[in-house]
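Consider the structure shown below, which is a predicted model. The paragraphs that follow go through its charged pairs, its core, its strands and its aromatic residues.

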Amino acid sequence: MTTTAKRRTQRGLSMIGFLFVAAVVLVVAMVSFRMVPAYIEYYTIQRALEGALADSNDLSVASIRRAMERRLSADYADAVAAKDVEVTKSGNSITAAVSWEKRLHMVGNVSLLLEFDASATR
């Protein structure tokens with residue numbers, strides 16, 4: 001077998017190819033690890049909104065905000081405050097919604113901006 005025939009039969013990943021794949025995987029993992037806490041906080045706030053609507057007796061704005069404040073302080077969610085919750089009534093349904101942005105510093109002057117909208121209806 002000649003050298004060119006051996007090269008044609010050999011398959012695999014070269015060292016440069018491996019380093020490129022490893023760099024891509026490392027960047028994706030770094031971004032993912034930075035984003036996971038923000039999304040956990042989003043789901044915590046979403047559950048707090050749903051719970052605040054379920055817990056409030058008279059469904060007034062003050063009652064919903066008090067219930068939201070209790071739930072946020074118990075869950076250590078500091079991205080929003082109870083005063084940020086917008087309560088609207090449409091027919092027989094009450095909707096509580098909150099929007100916020102989370103800026104995650106990556107490296108140097110590179111940041112990642114995440115925008116969240118959470119709402120619950122009762």
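Lysine 102 has a relative accessible area of 25% and is therefore partly exposed. Its partner in a salt bridge is glutamate 41, with 3.5 Å between the closest N and O atoms. Because glutamate 41 belongs to helix H2 and lysine 102 to strand E2, the pair ties together parts that are 61 residues apart in sequence.

The count of salt bridges comes to two. The other pair to consider is aspartate 55 with arginine 71, whose side chains meet at 2.9 Å, N to O. Here helix H2 supplies aspartate 55 and helix H3 supplies arginine 71, so parts 16 residues apart in sequence are tied together. Aspartate 55 is partly exposed at 38% relative accessibility, and arginine 71 is partly exposed at 28%. In general, side chains of opposite charge can pair when their charged atoms come close.

Which residues have the most contacts inside the largest nonpolar core? They are Ile45, Leu49, Met68, Leu72, Val98, Trp100 and Ala118, in a core of 24 residues. Two or more residues each are given to this core by H2, helix H3 (61–75), strand E2 (93–107) and strand E3 (110–121). H2 provides the largest share, seven residues. In soluble globular proteins, nonpolar side chains tend to be buried together.

Glutamine 46 is also in helix H2, which spans residues 15–55. Is glutamine 46 buried or exposed? With a relative accessible area of 14%, glutamine 46 falls under the 20% limit and so counts as buried. Beyond its neighbours within four places in sequence, glutamine 46 is in contact with Ala118 and Ser119.

The strands E2 and E3 run antiparallel and are joined by 12 bridges. Across this pairing, valine 98 stands opposite alanine 118 in E3; both Val98 and Ala118 are among the core residues with the most contacts. Two residues separate E2 from E3 in the hairpin that they form, and glycine 108 in the turn has a positive phi of about 55 degrees.

Tyrosine 76 also has a positive phi, about 60 degrees, although it is not a glycine. Most residues other than glycine have a negative phi. Tyrosine 76 is placed in the loop between H3 and strand E1 (86–90), and its relative accessible area of 73% makes it exposed.

The aromatic residues remain. The count of aromatic pairs is five. Phenylalanine 116 is buried, at 4% relative accessible area, whereas tyrosine 39 is partly exposed at 35%. The rings of tyrosine 42 and tyrosine 43 have centres 5.0 Å apart and planes at 65 degrees, so this pair too is edge-to-face. Tyrosine 42 is buried at 17%, while tyrosine 43 is partly exposed at 47%.

Tyr39, Tyr42, Tyr43, Trp100 and Phe116 make up one aromatic cluster. Apart from its neighbours within four places in sequence, tryptophan 100 is in contact with residues including Tyr42, Ile45, Phe116 and Ala118.

Methods: Residues are numbered from 1 along each chain as its sequence is written. This is a predicted model: local features need pLDDT of at least 70, side-chain atom pairs count only at pLDDT 80 or more; totals for chains, interfaces and linings use all residues. Side-chain values use heavy atoms; hydrogens and water are left out. Helices (H or I, at least four residues) and strands (E, at least two) are DSSP runs, numbered from the N terminus. Buried means under 20% relative accessible area, exposed over 50%, partly exposed in between (1.4 Å probe, protein chains only). Contact means heavy atoms within 4.5 Å. A nonpolar core is a set of buried Ala, Val, Leu, Ile, Met, Phe, Trp, Tyr and Cys residues joined through side-chain atoms within 4.5 Å. Rings of Phe, Tyr and Trp (its six-membered ring) pair if their centres lie within 6.5 Å; planes under 30 degrees apart count as stacked, over 60 as edge-to-face and the rest as tilted. Two strands pair if DSSP finds at least two bridges between them. A salt bridge is a side-chain nitrogen of Lys or Arg within 4 Å of a carboxyl oxygen of Asp or Glu.
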